[in-house]
Amino acid sequence: HRPNSSSSFFILVGVPNPGAFPAGLGILFCSGYIITLVGNGVVLLVIRLDNSLRDPIHCFLAMLAVIDVVMVTSVIPKMLSIFWLNSAEIGYVACFLQMFLVHSTTSVESGVLLAMAVDRYVAICHPLRYQAILNRQTIAQIVLAIVVRALLFMVPLTGMVTSLPYCRSRVVPHSYCEHMALVKLACADPRPSGLYSVAGSSLIVGMDMAFIAVSYGMILKTVLGKKSCWKAFSTCGCHLCVLLLYYVPGMVSIYVQQFGSGVSVHAQVLLADLYLTLPTMLNPIVYSMRTSQIRQALLKLL
């Protein structure tokens, strides 16, 4: 009868019906977590130690690496304790904090990807004014705007979710405290928070994708037919790969969990888990493979 007291807890299922190999899933996600930590850690170390990597694009790349580490660290350790130690309990405060970290970092990451698209536009379409337009003050303002936008979205959502009375089952059919899985356990109408979440995330992602499309449209218009065309596309190649890795599974996961009643819970949970772990694992690999500056700086460091 005291559902929101600090002594209460939720029970995370992990991946429903994992079959005979829950330990195997743990090994898979643990390997992805280690690759994420090592890859993003190396990117951060290289950018920190190499003075030639002080331009705006590498500042955004460092921010992306930090976000990826925070995102997976808020989810994977608890997920591994479910798979390997059968430790499925998570306190109310810890659960809502995990929810806040997961969903705010996804919003921040979308903003960083937009900032990187703007950086590519300025670098290719206005190369002589690149340093003047994207100076330190502008970069700081962009980063502040990205963080404030995420907070403006997540603080009301967190308030809506935490204010619900949780007097039904405390079993969350998920690997982490995903807000849609949480509100379905409330004994009040979960539709307002669900609609707010879908509308807010759709607005953020839709707006970011629209501005990214405009940026690349203007890049295409500038370089099409010129000798530097392929060089420009090569410069943008790694960013485009990261965009696809982030937005495609993210949008599929959001709408499947909200509207995909015909999709099994097992598939929904696995999709949400892969959406958090796969891009964070592949981002540093994509950038280190496609960006010659980071490759050369890494070889120099080694």
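Cys-95 and Cys-177 form a disulfide, with their sulfur atoms 1.9 Å apart. The model is predicted, and the distance comes from its coordinates. A disulfide is a covalent bond between the sulfur atoms of two cysteines. The pair links distant parts of the chain: Cys-95 belongs to helix α4, while Cys-177 sits in the loop between β3 and α7 (179–183), 82 residues apart. The torsion about the S-S bond of Cys-95 and Cys-177 is about -120°, so the disulfide is left-handed. How many disulfides does the structure have by the distance rule? The count comes to 1 disulfide.

Cys-30 has a relative accessible area of 17% and so is buried. Cys-59, with a relative accessible area of 36%, is partly exposed.

The protein has 11 helices and 3 strands. Along the sequence they follow the pattern β-α-α-α-β-α-α-α-β-α-α-α-α-α. Of the 302 residues, 48% count as buried. Among the contacts with a separation of 6 or more, 80% come from residues 24 or more positions apart.

The strands are the next stop. They make an open sheet of 3 strands in the order β2-β1-β3, with mixed pairing. β2 (89–91) and β3 (171–172) stand at the edges, and each has a single partner strand, so one side of each is left without a neighbour in the sheet. The mixed pairing can be followed strand by strand. Strand β1 (residues 9–12) and β2 run antiparallel and are joined by 3 bridges. Phe-9 has Gly-91 in β2 as its bridge partner, and Phe-10 stands opposite Ile-90 in β2. β1 and β3, in turn, pair in the parallel sense over 2 bridges. Here Leu-12 stands opposite Val-172 in β3.

Which residues of β1 form its covered face, and which its uncovered one? Phe-10 and Leu-12 make up the covered face, and Phe-9 and Ile-11 the uncovered one. In a regular strand the side chains alternate between the two faces of the sheet. Helix α4 (residues 92–125) lies across β1 and β2 and runs at about 85° to β2.

Asn-86 lies in the loop between α3 (76–85) and β2. Its phi is near 55°, a positive value in a residue other than glycine. Most residues other than glycine have a negative phi. Asn-86 has a relative accessible area of 67% and is therefore exposed.

What does Gly-111 touch, leaving out residues up to four places away in sequence? Its contacts are Ile-146, Arg-149 and Asp-208. Gly-111 and Ala-150 are 39 residues apart in sequence, and their C-alpha atoms are 8.7 Å apart in space.

Two packed helices are described by the angle between their axes and the distance between the axes. The axes of helix α6 (residues 136–162) and helix α8 (residues 191–223) come within 10 Å and cross at roughly 170°. Angles over 145 degrees count as roughly antiparallel, and the crossing angle therefore makes α6 roughly antiparallel to α8.

By class, the contact of α6 with α8 has 9 nonpolar, 4 polar and 2 charged residues.

Note on methods. Residues are numbered from 1 along each chain as its sequence is written. This is a predicted model: local features need pLDDT of at least 70, side-chain atom pairs count only at pLDDT 80 or more; totals for chains, interfaces and linings use all residues. Side-chain values use heavy atoms; hydrogens and water are left out. Axes are lines fitted to C-alpha atoms, for helices over the stretch in contact, and angles run from 0 to 180 degrees between N-to-C directions. Helices (H or I, at least four residues) and strands (E, at least two) are DSSP runs, numbered from the N terminus. Angles under 35 degrees count as roughly parallel, over 145 as roughly antiparallel, 65 to 115 as roughly perpendicular and the rest as oblique. Ala, Val, Leu, Ile, Met, Phe, Trp, Tyr, Cys and Pro count as nonpolar, Asp, Glu, Lys and Arg as charged, and the others, Gly among them, as polar. Two strands pair if DSSP finds at least two bridges between them. Contact means heavy atoms within 4.5 Å. A disulfide is a pair of cysteine sulfur atoms within 2.5 Å. Buried means under 20% relative accessible area, exposed over 50%, partly exposed in between (1.4 Å probe, protein chains only).
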